[in-house]
Each structure stands twice: as C-alpha cells, then as structure tokens.
Protein chains: 4
Amino acid sequence: MNDYKIRDIGLAEGGVKRIEWASSRMPVLNLLVDEFQESKPLTGYSISACLHVTTETANLVIALKRLGAKVYLAPSNPLSTQDDVAAALVKYHDISVFALHGEDLESYYENLYIVADKMPQIIMDDGGDLTKVVHEKNIPTVIGGTEETTTGVLRLRAMAKDGLLRFPVIAVNDSQTKYLFDNRYGTGQSTIDGILRATNILISSSTFVIAGYGWCGRGIAMRARGMGARVIITEVDPIKALEAYEDGFLVMPMREAARMADVIVTATGCKKVVTEEHFSLLKDGAILANAGHFDVEIDVKYLRENAKSIDKIRDNLERIILKSGKTLYLLAEGRLVNLAAAEGHPAEVMDLSFSNQLLAVLYLIDNRGSLKPGVYVLPEELDRRVAFVKLKSLGIMIDELSEEQKAYLTSWREGT
Amino acid sequence: MNDYKIRDIGLAEGGVKRIEWASSRMPVLNLLVDEFQESKPLTGYSISACLHVTTETANLVIALKRLGAKVYLAPSNPLSTQDDVAAALVKYHDISVFALHGEDLESYYENLYIVADKMPQIIMDDGGDLTKVVHEKNIPTVIGGTEETTTGVLRLRAMAKDGLLRFPVIAVNDSQTKYLFDNRYGTGQSTIDGILRATNILISSSTFVIAGYGWCGRGIAMRARGMGARVIITEVDPIKALEAYEDGFLVMPMREAARMADVIVTATGCKKVVTEEHFSLLKDGAILANAGHFDVEIDVKYLRENAKSIDKIRDNLERIILKSGKTLYLLAEGRLVNLAAAEGHPAEVMDLSFSNQLLAVLYLIDNRGSLKPGVYVLPEELDRRVAFVKLKSLGIMIDELSEEQKAYLTSWREGT
Amino acid sequence: MNDYKIRDIGLAEGGVKRIEWASSRMPVLNLLVDEFQESKPLTGYSISACLHVTTETANLVIALKRLGAKVYLAPSNPLSTQDDVAAALVKYHDISVFALHGEDLESYYENLYIVADKMPQIIMDDGGDLTKVVHEKNIPTVIGGTEETTTGVLRLRAMAKDGLLRFPVIAVNDSQTKYLFDNRYGTGQSTIDGILRATNILISSSTFVIAGYGWCGRGIAMRARGMGARVIITEVDPIKALEAYEDGFLVMPMREAARMADVIVTATGCKKVVTEEHFSLLKDGAILANAGHFDVEIDVKYLRENAKSIDKIRDNLERIILKSGKTLYLLAEGRLVNLAAAEGHPAEVMDLSFSNQLLAVLYLIDNRGSLKPGVYVLPEELDRRVAFVKLKSLGIMIDELSEEQKAYLTSWREGT
Amino acid sequence: MNDYKIRDIGLAEGGVKRIEWASSRMPVLNLLVDEFQESKPLTGYSISACLHVTTETANLVIALKRLGAKVYLAPSNPLSTQDDVAAALVKYHDISVFALHGEDLESYYENLYIVADKMPQIIMDDGGDLTKVVHEKNIPTVIGGTEETTTGVLRLRAMAKDGLLRFPVIAVNDSQTKYLFDNRYGTGQSTIDGILRATNILISSSTFVIAGYGWCGRGIAMRARGMGARVIITEVDPIKALEAYEDGFLVMPMREAARMADVIVTATGCKKVVTEEHFSLLKDGAILANAGHFDVEIDVKYLRENAKSIDKIRDNLERIILKSGKTLYLLAEGRLVNLAAAEGHPAEVMDLSFSNQLLAVLYLIDNRGSLKPGVYVLPEELDRRVAFVKLKSLGIMIDELSEEQKAYLTSWREGT
C-alpha cells in the first residue's frame, strides 16, 4: 500500500458502497473507461489531483488508475472531505490520499506540497491552489494541467497574461457539457433541495425572488416555478432581464421585489445584493438564501451586527430578530445553500464534468510537446463526444447528417 | 403541572423553537385564534386528541388551549412522536401529553385509554383508534368528534351504517381545503423531496413512471415535470388516464412503462402495483418508491425473498441485487417515501387541515344537541372561510359578487 | 332524396372534404360506429336533432344514419350553419337538413317545427329549444331526448322540477368525458387561438388577467402560461382562488389586476365582471376578450355609450377611444372570442361529446320503457367506455385491476 | 407627393388603421423616435430600404422620416407586400414606395434599381438583394448599410472575405435583442398559431415531433408543450440533444420519432429532414409542417410525385394520399407555416429588430468615416439600450450596479 494520510481506514466499507452508488449514476465516465481500458493510455504517468474528496471524485481517480496512472489525491477544501471515501480509496484502490475532514489550513497546504512533490506529469486542479504550489516549487515534471472551476480559470488566465504559466492547462469549466449543464440543471435542482431540507416550507405557497438570471438563476427560476412558486427575477443586465420577462417571469428591481418575497435566492456572483435597504422592506418572516457565490451576496454581516437575537432553529436555519423587531430567516449562514444544506451537484452532473476531466488528461498526453503554455478549451469534438456518450448511456440515439445534407449546409452557410 | 408521560422534559427548549417555526408557517390557525381569543368559546370543555405529536399538532393543541379548552394528547402512531415537542407542550403550555417516540404497542394503547378516561366532551382522531376506544369504554361525556384521515372516515362510515356510532363526527378529511390541497401540493412536493434526500439523483436526467393519477399522483406528476423529468402515467381508470394524456403526459400500462423507468413512484392506494412481472422488465439500476399508501404497492416481499444481496447504501436507500443479477434500488423499504425520507406535509398544508379541525370543534359545540350521531362534512361556508383566511394571510383580497350579479346567477342557473 | 331546406346543393363538394377532415379527427365516434354497424340498432327509429350544422355534427348524424336511423337536422343557432356541410349531408348522405346560414328567427323556428313534425322517437337538443317545441306541440312519438349544454340542462331540470317534462332526457353535458375535457382543453386552446387570430400579439410579452378559475378559466390560464404570459386570476370563490394561488398564479381583485393587464379574458358565467370601474384603471391599449358566456361579462354597453370613436381595425378587433381619451381594444364585440374569432372546439373535443350523444341515444333505446320522465346522467361505465375508446384510438392501453386488487380495494374502502 | 409605384392609393384608409395598430405594439421604436425627434439626426440623409412592406416596416420608415430622412422603400419579396400599407405610406407619410403585391420578378428587380438610383447614403436590406444591386451599379453615395437576416449576413461575410464589400454594414441579425428573441418567442408562437389556423386540431391530444433544437426549435418545443402536447426532439448535434433531454423532452432519431408523431415540425435549416424513409413510418393521418427555412426540409417533391391524390381541404391544408394508401396532411405546401398560415412575427418582436435597425442607421451616421468596409455587430451598449427601452415600455425598472459592486466584479473576474 502507498503512503497516505487519512482519518480512519476502518471507515472504508461504508465508503465503498457510496462510491458504487455514485458510480451507478456516472455512466459516461464508466463507458469512457471501458473504451480505453485495454490500451491503458495512462500507463507510466503520475497524476496529482487537488479535488473535493467525494464519491464522484473517487470514481474519477479510480478511472485514472484503471487506465494505468499512479494517482495522488489532496482535497480542494478541508470541509468537503468525506473520510469514508478517503479510506475506501486507500484500502481498496491503492490510491494515495492525503485528506482529513476538518483539518486546519496548515495541514491542508501540507497536502498540496505532498502531492506536488510526487513529481507528477499531470496535475488536476479545482480553484488553482495546486497549480500555484506547483509553480512555486517549480516542479519540473509537469507537462500539463486541468482546471474545474470558473475562479480557477480566471486565475490561470491572469497568470497566462502575465507570462507566468509554465505549461498548458485545459479549462474544463469552459466545455459546453460542463457549463451548460451543471449550473442550470445541477444548481437549479440542488438549490431547491437545500431550501427544502433547511426549511420544509411549501414552495407553491411562496413567492420566490431570484437575484440574477445567468445560468444558475435560470436553473433556479425554472425549478422554483416547476414546484409551484410565483417567481420574480431581479437583474442588472437589461437583455437578461428581458429574457426573463419573455420567459414568463415577473421582473422588477430588488427594492420592489423584496416587498413581495417569501424567499429570496441570490445567484449573481456579486456582493451586497440583498442589504439593509432590502431587509427593511421584507415581510416579517422572509427567508434568505444564497446560491451564487461566496457568503457576500446577502449582507450577513449587517444582519449579525443588527440582531436582537439569533437562534438556530433547525440545521442550516437561523432565526434572526433584528433590533427593528423584524424576523428574518437565514439559510446556511449565507453560504451556498445547495452545498451546505443539500449535497451539491448530483453525480449525473459531475459525470459530465469529470468525463471532460478524463478526456482533458488524455488530450494533454496525446498532444504532449505540441501545446504551448496557455489556457485551452477542449476541442468541440471531445465536448460532443461527452454528450454523445451520455445520450448513449440513456439509450438515446440521434440523427446523423447525410453527405448531401452536409454539402447543403456548407453551401448556404457560406453564402454561395 | 398536569400529569403526563413523556421522554425527557429537558428536551423542551429545542421543541419550543421548532414549534415557533411551524407557527410562523401556520398563519390561518393563528388568525382564527386571534379572532376567538377574547370570547374563549372552548372554556369549560375537555378535549382528548389522538394525533401525530409533531410541531404542527403542537400548534393546534396550543390553539385549543388558548380558546379555553383543557387538552389531553396521545399519539396516533408510536413512531411519529417528537420527544422535544412533547416536552415543550408539557413544560411551557401546560398540556397533558402521553407520548414517547418508539414506545411499544401496549404503551401506545395505554395512552389512548388514559386520554379517553379524562372524560372529554370532544375527541379528535387520526385513523379512528381513539373513537374505537371511546366507544368500547362507553365514555359518557363525548358530544362529538373529528377525524383527520380517509381511512378513519371509512371506518366511521362503516360504524354509522351499522348504527354503532354514538355521536356526531366531523370528517375533516372531506373539507375541500383539506383534500384539494394536501395531496396535490403537499404530497406532490414532499415525494420529490423524499426521493432527493434518499438518492440525490438528477431528476431532469430521469424518466419517472407514476402509478395512479388521483390527487396524489397528479401532484407528484406536476412536480416531477416541474423538476425536468419525462413523466409517464399508469392508470386503471380510463377517464383519469385520458386526463393525464390531455395534461401532456405519456400514458401506458405498467408493463410498458417499466421498461422506460428510471424511477417508479406508486400512488394508487392499491396493492401489488409493481410486481415480479415488472421487476423483470425494469432497467438495471431502476429506483422504486411508494407515495400512496402502506408498503404493499411495491411487492417488497418478493424483492426480499428473491434477493442475492441487500445493502443499505444511504439512509432510506437499499440496493437489492436479485438472483437474476439485476440491481434495483428501493426507497424507505417501500413505505411512504415522503414521510420516511422527507418530513411529510409542510406546515402550510397542515395549517389548512388543522384550521378545519379547530372550526370543526367549534362547530360541534355551537351545534351541541342538534346534530344526530353520524358522519358530517363541515358546512361549505366554514371551508370557504379557511380558504379566505389563508388568502388574507398571504395579503390577497378577492372579488365579491354584487347584488346584481347574485341575482343574475340565480336567475340563469335556475333556468328561468 | 328527402325533403330539405338548404342554401345551395352545389356547395356539397367542399363540404364533403371538410366533413372527411373532421372525421379523421373523430376516431371515437368512428370506432363506435364500427362496433355497432353490423347490428344497426337504430333501424326503424327516427331522430330529430337541433344541433349546430358543422362538420362535427355532420359526422354525428352520419353515424346515426349508418346505425339505421332516419335523421332530421335543424340548426341550434342561425349563425353557426355551414351551408356547404348542409349541402353535403343532403346530397351524399340522404339526411334531411333544414338550415340556412344567417336565416331570420322566423325561419329558424320553422325548422324546429318541421323536424318536430317528423314524429321522431328520439330528439337531440342543444340549448333546449327543440325540447320546448316538442312539448308545446305535444309530439306523441318521443321516447327520450339528449341535451348537450349546461344551459339546456338547467332548463330541463326546471321543467322536471315543475313536473312538466314528459320523457327521459340524458344530460350529455354531465358526462365526465364531456365537461372534464371540453372546457379545460377545448376552450383553453381555442381562446388563445381566437386572441391570436384577432390581434397577432406576442403573448409572452403580455400580462393576462383571467376572470374566473372554473374549468374554462383553468384551461385558459394553463394555456396562457404555456404561451409565456404572466397570468393573474380573479375569483369570487376563495377555495378556487386558493387553488389558483397554489397552482402558481397571481391572485388579486379585478380592481388591482386591471392596472397590470395587457389582456383581460373573462370566463365567469356572470355579468358585469369588467365594468366602468375597471376601464378607468386599465392601461392605455389594453385588450378585452370574453370566453365565458354571453356578451355580458364585459360591460360592452358602457364602452359603446362612452366612446369618442369606435373603429374596426381587423376582423374581430375594435379600437374604442373613450371620452376620457383612453384607448381600449375589444375582441369579437365581447362575444365568445373562441367561437367568433377562432373555430370553437376542435373536432377531437366534439368527438368525445358526440360519442356520448351516440351512446345516449342507444341507451335511451335499450332502456325504452324503463326510464321515467326526468333528467339522467349516462351511467359511468358508458362514460368510461368513451374514454377507453379514445385511448384506444391513440394506441394507448392501460392497466386492469386483478381480482386480488379488486378484493383489496373493496375491503379497505369498506373499512373492514 | 413623391414618385411611387403602388396598387391603389384608395386603399390608404385601411392601411392607416393597421399601421396604427402595429404602432401600438411597437413602443420601443416610438420611445426612440421621441428621444431623437427634436434633434432630427437624419436630416439631409437619403435612405433606400428593401424590406417586406408590412405594417411593422411602415412604422420603421415613418420613424426614419420623423428623424429627418428621405426614405425610398422597395419590397424584399413580391408576395409580402401589403397594398393598403403601401398606399397609406404614400398618401399620408410622403414616403416613396415602389411595391405591388404579387408583382413579377422583373418588376421586383426594377424596384431595387429605382431605389438604388435615388443615390442614398444609407441602405437597409433584408436578404442582400439591394446590397448586391448597389454594388453592381456602383452607387457612389452609400456610406453604410444594415442587414436584417441570417442569410443576408452570410452573403455579406462572403463578400467581405473576398474583399468585395465597399462600405460598412451592420448585421442587425447578430444583435442579442434580435436573435435571442425573434426565433424563440416569435417563431415559437407563430408556428403554433399557423398550425392552429391551418388545422384547428387539439394540440393537447397530439404528439409533436420537432426536428432541430436551435433557437427556433426551442421556441416551438416550449410552446407546443405549453399547449399540452407531448414533445419529441430530433437533433444531429449531441450537445443540443442533451440539452433537450435535460429540458424534459423525449429525444430520438427521426426514424423512431416518426412512428409516434401526430405532427412533425421541421426547424433545422437543412434539407431532406423528413423523407421517404419517414413517410413510410408515419401514422396514417400525420400532419407535416415546416418552420425552419425554405420548403426543402420536408421532401415535398417526393410527396407530390408519389401521390395518388392531392386535395386542398382548407387554406394551407392539403391531404395527400400516397400510392401506398397512406394519408398525410401537408401544411402550407411545406413553406414556412408561421408566415404562410399565420402572420409571421408579432409586431412586438419586429419592434426589437427594427429598433436595432434604427440605432444601426444612427450608428453608421455617427461613425461616418471611421468604419472601414466590413460586417459589424452593433456595440453591446446599443443592444442593451434596446432591451432597456423595451423594459421601460413595459413599466419595468431593473437594478443598477453600485460602484462598490462594479469594483468587486472587476477584481474577482480579473482573478486578483
């Protein structure tokens, strides 16, 4: 067995079953592994990954292992580590995991240093921390990396712009089968799920105000309406606001919407979206949740500083009675309600993201030497392949263009 | 303090906060209490209730107390008792509760005998057990009762038919503001909620088969579609099947639907709806849930007897590998998934039911002496009042017919 | 050829094709005819019908003819007669039709007298006029009748109550496969259709106010939402108002709704639903339509009397500039917009109604002698049969209860 | 009065009212005109436009006139000219129109030559014909142009690529407030409208197969579902297919979908989407419609050549009985059903497009001299302005970013 640092290897049995459950919801990854299993294209490669240690990640690193890689796994957040999953990976899959749920920041960074020191050819990152470490330590073996998140990609682009990026990195986040699906369908559902678990309110009896009509906001709006709520959208972009309107939603500024809200959900990626001004307009008993970004969309600081009393009523449900006498309910302390109060993205959504991750690793190896340092998007044909395999796993075939049709499209699109 | 039998009075603080949370979602009950608080019309009356000891019931019995009644509370199911709620009622509201979570059947029946022996004028029942005890023991003080459930009402009607019912009982279940709302909106939402908590699957990636298009089935179908699923309805009644079709759903027999199902949800009120025949047709990995009735809709017995292995994967999620090699997932052991894996009806739904309960008690007292033994439905004006107060609590006013309009409607409806 | 009174027999060819088109959308009627064609159970019977002379009615009377009956047809409204259909029935189907589009009232009543004088055994009515004539003229041959409409049934019930009804009449209107389908799905769609044909507005850019949440109102609300509108419901019944709310709609009184309306559609069955009070609150350019009843729901009289100018802009679209300077648009002069500006119920809806009509005629004959004078609803088994045959025509099979299931349902529903 | 070539100036009165009706649905254009009316920025400019001569175009050219321009109008299609609109423009607005409904190709091209010869500074085009003429005739005055359609833009890009384009052209089609709205909301609605006018079928009783899940296909799918249909999507692109699936639709190849279709609607922009192979699989009585492109999506030629009989049943509804005996119904001869059988885009949709047209003209003038020959998209700020004014016309305000928020967004988006 390899070296590792985990909570308790005795937790492995529970982890195994949960990893299998996630596997049963991740058919794309499984079908891709089947396809490459014989040729084992990752043989001889070491991969260091910095990813949330969850059942879905477990399936990704097991997949990398099956295709021949040696894998080292560190967590991308000290709070997301599932100790039973870490134990199962070590005990049954011979994967070196360095992760403890709730470890402190020092211990967390130590993990990154450990996996960086394994001299990997490929690194996989979620947020950019491992990429930073690998650059700082000047690890010589790295031929490429992958990045899962928007935030990480922004950091990479800034590095690339300043000429600091030393190898090619695939921005998995920018694949259509990632960003078109995880926010709309994943966040859309899991936000409703988080609100239900935290409150058990009747959604059809509620008016929802959703701040932001980007991919996340659209997903949440679609699902809140699907559960029977009246839905009001607030926006700062008039084009998105108009789309929301033509999609049948009410649209108004937050200061008007706040008066009508039973539940406000923020999904803007900005700060101070719901503030003192709006708290004063809200109905007594209104519920506040954030599904967009860090805990800055709702002005939680103001709430805490101006509260007469704060009581935890249920898990992830705080009652805040302001000095004005108004009662507001805050979910998950203003953090991401779909992660804190529910379970984040369902495995089916991670299946698409992580299949892109796997293809990104293979692409980096296939194109070893020919890719200059920089941030890349996966070629559209690989993106399409993920979608195609997902459809296949659902038993769905689609049409194919005939030669005659291809010729026709080419000719008129070229305007000849 | 009155006599009581509860788990631990030290749990009261937690119960208080949760009762207050439910109260904040039960505006109709609160507004009705406000209205009658001054006249205290229940002064001098004893009420024995056999109801699930939950935060919503707590608010009902507190309401009865506020209007002057002496209240004794026994549980209607040994598993539904929330010990912190029982403690809070005893400690802070001077209500005699006889309920322990998980008590045995003997202890459960003892509770019924205790509250029956309190010589109540009114009994409130959920399923008919207390009514039976009161008749057996021939309690002489009872002037009337209320019944919450379909099953209880059926038992009462059978008693009335045989001339055995000795006092008037209000079938609260038959009020429109009960049956039009709790199944469609309550069960509809909580079934989706239960499935999500048990599995965290992506609903939009799934095809749902819903057996039964009664009120429950309609609610579940509406919400499953609202979360993005393709929805197939199975029915035995051609008129309901045709409604499902015109509502835009696919309709087919279970033996065809089973082949396409990712998730089957039964909501028929019948037995053996999903059986060996269908198990053999299901896709590997299909999920089975029941939202209709007892645990007989899915043939769980067959599954258990023909399993090669059964593993608990997560709370309320069992993996059953049949001897044939097929893997199926069973939720909540085939019991009601919305109760077992989620929290049953939201407080907003119970608010309507329990407001009917309160009005039923007041109606029995107002009409004391003039109602013969039998099963009664609340007069439609009281039903409408519940709806009206609910609308008021939402800040919604509606139109009123003018005298001219009333005259017009009367004249043409009478065909003159 | 029989005697007849029609516009022009030369129009028959066009009528034939349109009757065939309707026939292709009326599979239930066709399948029922196939079933009875051999036994010809109507042989020897004369039937006088007072029905709108449309392509759907043509198929009904052709069906009656095929099963052996002699049929006489008068129109139930002088404006709904389609002269090409009348011609086709006379020329190709040997059916005696007495109907001219736009004939005057005297001529209209003469038609009723003619078909009454044919000494029918069965009469079929739409509104009650023929029934009245048959009673006045004391036609001795009649053994029973059928009635299509709510209004007609109300008149019949009044007659029965006063002991004036001399034979049994089947209230086809009260069959579930009639009233559950025609208003929700028929009126729902055709109202949207009528508004589009009259205005060509973009519905997703509009806020609809729908007065009334009965079957019609629900259908219109469902479809308006389906086309992207924001939908507000007004109601006088709090229970229906609450259903509308839990179905996700906004609910408010007309005086508030009027301020937000781009389009108002009335569907109440009452008068003066939109009046002077509301006209003054409406936005400049608001559109008014009625889908409920006669032209009294919107106070058209007030509009005409207080107009500065009235211009016809398009078919069924009038611009009314009030003396106050406000511009309002009135559709179809306040008459039923789905009939006037679109084509009323699609053939698929009439197929269900007219299949009930056919079964009603057969039922009257089967039960000849055993039915006392009075108003009857078709037995539920016939209602179910219509639904079953409709499903069959769609290629849809449904489940059947096993004996074990039947026994189970019986036992618990009886509370034993 | 200027020179003109129209059918009959006596038709002007009817045209005036219809132009006013369209104006009442085009608030954005009106508000923009109000804004610029005083400064009259088009004074001294001549504009030659080649656009469909409809009520919406009338409002655009009137707007140009009001801002000071001299306008010459030729039609972009000989069949779309509305003679009453042409008359009204000439008689009441002093605009030179050269358009006759149904004129022949020679006459059509003559119109283009006439308006080109007016020596305009700006040309406005719909499909590229006028641009071609202006280049051929080498009109020296032109400083820029605008183009409304996808096809026209493709032609322009081909010209630009070959270095043949001699002035800057604004691709109005590529503004978000054009392409995000007209296909989804405009075509979505008008396709349903066209099918209803041609057939009057009950949509909720039908299964729709929609070929293509681009903007048009999405709009049609959304609206068909909203009217109650079961909807099946066919696609050639796996990513779009997967989006359709996660949006809750059934997805399958056309050869499977054809078996289940009651109605097929093509919206692909390709040819031979529904062909002999599929005709043989269709149910008897299936309906075929095209909403995508020219009349090549359905293989109409095959149908005509293999028909036993072809009958016109209603306007835009042909019954084709194939030699095989199968009956199919073809709408609008396979041409665009929303244009042929309904009225194309509602005025509200054209309001957005034509407001972009107006801003494009102003932009060309403002940037006179600084834009090189080439194809341009309107700056996003103008796009947003159109959306903003549309929201304003609806009485909708939206939020604005504070300075603090702008700073925050900038900082994290830049990854610092």
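# Reading sheets, interfaces and salt bridges

Guide: Start with chain C, where 7 strands form an open sheet with parallel pairing, in the order β3-β2-β1-β4-β5-β6-β15. The model is predicted: local features need pLDDT of at least 70, side-chain atom pairs count only at pLDDT 80 or more, and totals for chains, interfaces and linings use all residues. Residues are numbered from 1 along each chain as its sequence is written, chains are lettered from A and ligands numbered from 1 in the order in which they are written, and side-chain values use heavy atoms, with hydrogens and water left out.

Visitor: What counts as a strand, and when do two strands pair?

Guide: Helices (H or I, at least four residues) and strands (E, at least two) are DSSP runs, numbered from the N terminus. Two strands pair if DSSP finds at least two bridges between them. Take β1 (residues 46-50) and β4 (residues 122-125) of chain C: 3 bridges join them, and they run parallel. One bridge pairs C:Ile47 with C:Ile122 in β4(C).

Visitor: How do I read a helix against a sheet?

Guide: Look for contact, which means heavy atoms within 4.5 Å. Then take the angle: axes are lines fitted to C-alpha atoms, for helices over the stretch in contact, and angles run from 0 to 180 degrees between N-to-C directions. Helix α3 (residues 55-66) of chain C lies across β1, β2 (70-74) and β4, and runs at about 160° to β2(C). Helix α15 (residues 347-366) of chain C also packs on the sheet. It touches β1, β4, β5 (144-147) and β6 (168-171), and makes about 160° with the direction of β5(C).

Visitor: Is B:Ser206 buried or exposed?

Guide: The scale comes before the case. Buried means under 20% relative accessible area, exposed over 50%, and partly exposed in between (1.4 Å probe, protein chains only). B:Ser206 has a relative accessible area of 1%, so it is buried. It sits in the loop between α9 (182-199) and β7 (207-211) of chain B. Not counting residues up to four places away in sequence, its contacts include A:Arg25, B:Asp262 and D:Tyr245.

Visitor: How do I read an interface between chains?

Guide: The size of an interface is often given as the accessible area lost when the parts come together. Here, buried area is the accessible area (1.4 Å probe) that two parts lose on being put together, summed over both. Chains A and D bury about 5,200 Å² between them, with 66% of it on carbon and sulfur atoms. On the chain A side, A:Ile239, A:Asp399 and A:Tyr408 lose the most area to chain D, together 13% of what that side buries. The contact takes 57 residues from chain A and 58 residues from chain D.

Visitor: How much area is buried between chain D and chain C?

Guide: About 3,700 Å², of which carbon and sulfur atoms give 51%. Chain D and chain C each put 44 residues into the contact.

Visitor: What is a salt bridge, and how many join chain A to chain D?

Guide: A salt bridge is a side-chain nitrogen of Lys or Arg within 4 Å of a carboxyl oxygen of Asp or Glu. Across the interface of chain A and chain D there are 6 salt bridges. One joins D:Arg184 to A:Glu243, with the closest N and O atoms 2.6 Å apart. Chain D and chain C also have 6 salt bridges across their interface. Among them, D:Arg319 meets C:Glu20 at 2.5 Å, N to O.

Visitor: Where can I see a salt bridge inside one chain?

Guide: Go to C:Glu348 and C:Arg25, whose side chains meet at 3.0 Å, N to O. C:Glu348 lies in helix α15 and C:Arg25 in the loop between α1 (12-24) and α2 (27-36), so the pair ties together parts that are 323 residues apart in sequence. Both C:Glu348 and C:Arg25 are buried. Now try D:Glu35 and D:Arg385, which meet at 2.1 Å, N to O. D:Glu35 is partly exposed at 43% relative accessibility, and D:Arg385 is partly exposed at 27%.
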